[in-house]
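Hi,

Here is the structure I promised to pass on.

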Amino acid sequence: MATEESEDHGHFLPAVRDWPRGYGEASWWPFVTAIGLLVVYTGASLYVIGRGTDLVSSSIGLGAFAAGWAVTVLGMFGWIYQAFIVDFWDRGSHNGGSSLRLGMLLFLGTDIATFGAGFAYYFFIRAGGWHTEYLPESGILTSVLVINTVLLVVSSFTIHWAEGQLQKGNHQGFIQGLLVTFLLGVVFIGGQIYEYYEFIVHEGFTLTSGVFASAFFGLTGIHGLHVSFGVLLLGILLVRGLRGQYDADRHVSVTTVSWYWHFVDAIWLFLVAVVYIGSVFGTEFSPF
Amino acid sequence: MAVSPELVFSVLMGLLLLVVAGWLTRLEDWQAYTPVGGGGYGESTGHGHEEKPAGLTRWLTTVDHKDLGILYSLFGIVAFAWGGITAMLMRVELTTPGMDFLASFGGVGLYNALLTTHGITMLFLFAAPLIFGFANYMVPLLVDADDMAFPRINAIAFWILPFATILMWAGFFLPLVGIDIQAAKTSWTLYTPLSSTMQGTGVDVFLLGFHLSGFSTTMGAINFIATIVAERDSVSVPWSKLDIFSWTILTQGGLILFAFPILTAAVTMLLLDRNFGTMFFAGEGGGAMLWQHLFWFFGHPEVYILVLPPMGLVSLILPKFAGRKLFGFKFVVYSTLAIGILSFGVWAHHMFTTGMNPRLTASFMAISLAIGIPSAVKVFNWITTLWNGKLRMTAPMLFSVGFVQNFIIGGVTGVFLAAVPFDLVMQDTYYVVGHFHFIVFGAIGFALFAAMYYWFPIMTGRMYDRRLALWHFWLSIIGGNITFIAMLILGYGGMPRRYATYLPQFMTWHAVATVGAFIMTFGVVAFIWNIWQSAQYGKRVDSGDPWNLKQSDQFTNEWQWYEGKRQTMLADGGEEDADDAESNAAD
Ligand SMILES: [Cu+2]
């Protein structure tokens, strides 16, 4: 109604109910988020300084690092809450969510580049010849890998199913599908932690174990962070869904999170094919 | 005693901070709407009122694209000052062949640190943020959007920047408080194994800040693309009527999207190598070549990330003072897109001397020569726009014409470097330094100055001092050409880049370059003084069309918005509220 009109042609005020209250274009949350990031990076700096010199203790750095993340997450929650959650049904969907959809697609584009740099390293070392001693002794292909891959692929289907239920107006089915997806994500992270534990503690295959270890931990690590972030996003969807938000017409964040989740799944399949399975093939023959 | 050489820098940094603080408080006075503690709203000279809190809180909490545009611009100018001071310290040292001026402050090590911070600051903290500043203020107005697509992300992206800068400059001021980390001396290219093995945690702190700053740029790019594509009013501004500056910002966004994450990922790997024993850039791993590939896969598009929007600014401003529309508008747009795509296929022209496969070098040479064509198309479009036009030599126009002149020299010297045989001789000499300074200062800097003067009335409601602006222009173009041509000549003579000391035979041209640099510095001082003074005390603009754009039918969206805002302010006796803003945004 009036909101739709004024959003199209009037002066759109993005932060009417935000803190500080009573203004239309003021919000503390971006500044809080940025301060959090400053503390995160300062903490990392102190950690590095502490390791390299005896000027500060490294643990102070780690403490600041953790505290910084807490502030950053607080700031981001404040922002997401004010921008999307509060007044969900009253505020109307700004330009049908097309900015948000496009924003997510663009973000995924940047992610392709991020992973691309890591894969570039892996292909670079593959081109330079390949040796069995790069790999952990009992091999890289474990049952955890198989289970995890199945879990992640299934989770792509469950979130798709959940979206379908929302379209049909079955809110309860939507919640159930979302919950299953969320749990599959959590189990995947658990599986990856277990896999890391086995490699590091029992096999002695660590971050410093040579050129393959750098690629392996680098790529699976950054992917694991992406899954964790995805689980966080799914958790937010779940809470909002349980509070009665979303319906067949209002589900922009469901769509964008589901794109993100499919993307992370696709990266995983590529990673399994190239880094896990590909590394084994390379030990027998080198195409280069 | 070890700290005392750094004392100079503490004073410099302190002064710099004082200038910022002073500027901010002034700014507050100048645009404060609420008397402290009072309930009423005072005379309003700019934008804002009930939508924003008063004083410092307003600036810390703002999510308004116009406010953030001003903050970005201020930040860019502060960074410009630091980049300029470091450049001058180096130029003074280079006046004579030996190590003398800097000898008692840290010698060659300090020189290398200055070299690094000068390059990084000018590219990442001056040029890019100033471009983002103008884009923030103007793009939403040009495309008839309410604000940026994501106002809060816009604010996060801005605030990350000064915080990242603290870490990036920390190597210079932390030693003063007793934390003796070494400033990074890696040069802006951060080549491994130098950067992966260099002692000193200052390198890590710098890399962490650099890493953080990358997120700011990437968030900004996503925001600009989403704004132009999804927030644009498709009725009043269809794609066919999108202005040239927005086109270049859109293309720039596309480049940032794929270039910056590569840099961020490469810096992450470098940090892991330095601190956690990974082997990404170790000899058995990716080695020096992988770094160069990743860095330049980012680094060449970065050149166009920085130069495309300034080209857009000049394409926008030049026709306004030539009394006619931009000649061949479509070709300028197409050449922008062509440059954007080609720019990802030329990175190895920075690596001709690394011993890579000759067949590869030949193809990179071919594409690098090809990318000169769309750039030349633009130059011809600018010249034909001027041809037989009714030229009005205002400050923005002078800087636009200066841009074209400098861009021709910078571009032609660059085409030569794209040719392998020439590059094998000139690689790592002052010829390269002269070439890219013509582009970075002579072109990018000039376009940003042009934009600053052109939009000064919108951003401050006042006019700059024309006399000082003319001084700024003539000192900059004369000083710039003296310095950078001297650098080209030094390169022909075989003077290598990045050295604090040199053979006596190069002294004459080095001295010439230093003289030119001082001339430029006077110009820059005139610029900063002018902006500072005129923003507060300049003559008030007395119409919504201070450049007489209606005459040549080029009264574009941002000026229409400005005229609407002025009318509402007059009608309301200096006050406006959201409803009025609504009506003027609609006109
Ligand atoms: Cu290049």
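Below are my notes on the metal site, the interface between the chains and a few side-chain pairs.

First, the ground rules: this is a predicted model, so local features need pLDDT of at least 70 and side-chain atom pairs count only at pLDDT 80 or more, while totals for chains, interfaces and linings use all residues. Residues are numbered from 1 along each chain as its sequence is written, chains are lettered from A and ligands numbered from 1 in the order in which they are written, and side-chain values use heavy atoms, with hydrogens and water left out.

On to the metal. The copper ion is held by B:His300 through ND1 and by B:His349 and B:His350 through NE2, at 1.7 to 2.0 Å. Donors here are N, O and S atoms within 2.8 Å of the metal (3.2 Å for Na, K and Ca), and water is not among the atoms, so sites may look incomplete. Along the chain, the donors have the spacing H-x48-H-H. B:His349 counts as buried because its relative accessibility is 13%; the classes are buried under 20% relative accessible area, exposed over 50% and partly exposed in between, with a 1.4 Å probe and protein chains only.

Next, the interface. 64 residues of chain A are in contact with 67 residues of chain B, where contact means heavy atoms within 4.5 Å. About 5,600 Å² is buried between chain A and chain B, and carbon and sulfur atoms give 74% of that (the accessible area, 1.4 Å probe, that two parts lose on being put together, summed over both). I count 5 residue pairs in polar contact between chain A and chain B, both residues at pLDDT 80 or more. A polar contact is a pair of N or O atoms within 3.5 Å; within protein, one must be able to donate a hydrogen and the other to accept it, and residues adjacent in sequence count only if both atoms are side-chain atoms.

Which helix gives the largest share of the side of chain A that touches chain B? That is H5(A), with 17 residues. Helices (H or I, at least four residues) are DSSP runs, numbered from the N terminus.

Over all chains, the salt-bridge count comes to 6. Three of them are worth a look in the viewer:

- B:Lys66 and B:Asp64 pair up at 3.3 Å, N to O. B:Lys66 is buried at 5% relative accessibility, and B:Asp64 is buried at 0%.
- B:Lys325 and B:Asp553 meet at 3.9 Å, N to O. B:Lys325 is in the loop between H9 and H10 of chain B and B:Asp553 in the loop between H17 and H18, so the pair ties together parts 228 residues apart in sequence. Both B:Lys325 and B:Asp553 are exposed.
- B:Arg498 and B:Asp428 have their closest N and O atoms 3.1 Å apart. This pair links distant parts of the chain, 70 residues apart. B:Arg498 is partly exposed at 27%, and B:Asp428 is partly exposed at 34%.

Lastly, B:Ser315 sits in helix H9 (residues 287–320) of chain B. B:Ser315 counts as buried because its relative accessibility is 3%. Beyond neighbours within four places in sequence, B:Ser315 is in contact with B:Ile244, B:Leu326, B:Val332 and B:Trp382.

Cheers

Definitions and conventions:
Helix = DSSP H or I, 4+ residues; strand = E, 2+ residues; numbered from the N terminus. Salt bridge = Lys/Arg side-chain N within 4 Å of Asp/Glu carboxyl O.
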